[in-house]
Amino acid sequence: MSGEGKVVCVTGASGFIASWLVKLLLDRRYTVKGTVRSLHDPKKTEHLLALDGAKERLKLFEANLIDEGSFDTAVQGCDCVFHTASPVLMSVDDPNLELIDPAVKGTLNVLNSCSKVPSIKRVVITSSMASVIFNGKPLNADVVVDETWFSDAAYCQQIKMWYMVSKTLAEEAAWKFGEENGMDLITIHPGFVIGPLLQPNLNVTSEAIPNLIKTGHDFFSDGRYRYVDVRDVAFAHIKAFEVSSAKGRYLMVGTVAYSSEVVKILRQLYPALNLTNTIREEDLKKPKPPLYNVSKEKAKSLGVDFLPLEVSVKDTIESLVEKKLLTF
């Protein structure tokens with residue numbers, strides 16, 4: 001489907017997922033209005049303005065999640081709004097100030113701006129698996145997580161998983177607003193997003209693989225990851241708008257795997273990469289409990305064909321090397 005003649009807005013346009021979303025939208029000939037926190041920060045704007053089609057069909061706006069009405073101008077005249085902007089932080093001093101308020105109030109600010117614009121047909125929100133699986137239920141080998149699963153904000157708060165709290169409360173607030181205002185909403189729930197970077201700096205998830213290489217330390221203490229490629233996530237956002245029958249929540253996880261699988265892929269692809277100092281052979285050979293699964297059925301109904309983990313890992317490494325964020 002061509003986006004010729006259609007106008008869309010991407011909030012938080014400079015982010016990892018959002019940058020790819022902007023790129024794919026421009027490739028499909030959409031006119032894109034992107035919001036960034038500062039128009040004067042080249043790290044937020046230059047990689048977007050360099051995209052093919054940006055000169056003709058991309059306009060950037062300054063907006064802040066916690067400023068009411070901040071998104072009014074950007075969403076005017078749009079057919080769809082993709083709300084990706086939300087802080088991704090795993091360690092915070094003040095959870096409300098740094099995570100929860102920007103996520104929840106930011107979502108409501110964007111939706112309130114959208115509610116004033118009759119031309120907007122649908123709003124697609126970037127949520128997370130963080131609002132899906134953190135509810136205290138055991139994730140055993142016979143479990144298949146699907147779109148009927150919801151995280152429990154009280155449980156997450158109790159164990160101080162503040163990012164999970166922020167995404168869960170933001171999703172709850174979005175669905176409540178949508179129901180009360182008759183708004184057509186869709187939420188996309190990516191797992192641990194890897195793949196090539198368009199932005200010039202590392203983000204939280206793309207930092208995990210170089211950190212694993214350098215230190216042998218896992219992002220998650222149990223070493224279990226819900227990997228998905230950033231390009232699949234961006235594509236799913238677009239299809240969530242383009243497929244008129246799309247509705248509800250969509251989980252986006254290509255592979256549930258231990259980090260040891262990534263180490264094996266790295267060893268095969270890059271024999272020159274010395275991992276013996278940080279990752280012990282005996283740790284790789286230790287038997288691990290079987291993993292649960294995440295359903296792909298609803299994502300596939302959008303036409304998503306998940307990229308293999310090997311492709312995502314290879315493209316992540318090559319992107320990091322090209323941007324001089326990783327050397328070996």
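Which residues point one way from β5, and which the other way? In this predicted model, R122, V124 and T126 point one way from β5, whereas V123 and I125 point the other way, and all are buried (buried means under 20% relative accessible area, exposed over 50% and partly exposed in between, with a 1.4 Å probe and protein chains only). In a regular strand the side chains alternate between the two faces of the sheet.

## Basis of the model

Because this is a predicted model, local features need pLDDT of at least 70 and side-chain atom pairs count only at pLDDT 80 or more, while totals for chains, interfaces and linings use all residues. Residues are numbered from 1 along each chain as its sequence is written, and side-chain values use heavy atoms, with hydrogens and water left out.

## The sheet

Seven strands form an open sheet with parallel pairing, in the order β3-β2-β1-β4-β5-β7-β10 (helices, H or I of at least four residues, and strands, E of at least two, are DSSP runs numbered from the N terminus; two strands pair if DSSP finds at least two bridges between them). At the edges stand β3 (58-62) and β10 (248-252), each with a single partner strand, so one side of each is left without a neighbour in the sheet. On average, neighbouring strands of this sheet are turned by 20° against each other, direction ignored (axes are lines fitted to C-alpha atoms, for helices over the stretch in contact, and angles run from 0 to 180 degrees between N-to-C directions).

## Strand β5 and its partners

With β4, strand β5 pairs in the parallel sense over four bridges, and the bridge partner of F82 in β5 is V124. Four bridges also join β5 to β7, again running parallel, and here T126 has I188 in β7 as its bridge partner.

Strand β7 (residues 185-190) is in turn joined to β10 by five bridges, where T187 has R249 as its bridge partner.

## Helices around the sheet

Helix α7 (residues 162-181) packs on the sheet, touching β5, β7 and β10, and its direction makes about 165° with that of β7 (contact means heavy atoms within 4.5 Å). Helix α9 (residues 230-242) also packs on the sheet, where it touches β4, β5, β7 and β10, and its direction makes about 160° with that of β5.

Helix α5 (residues 95-115) has a kink of about 45° at D101, shortly before the proline P102 (the bend at a residue is the angle between axes fitted to the seven residues ending there and the seven starting there).
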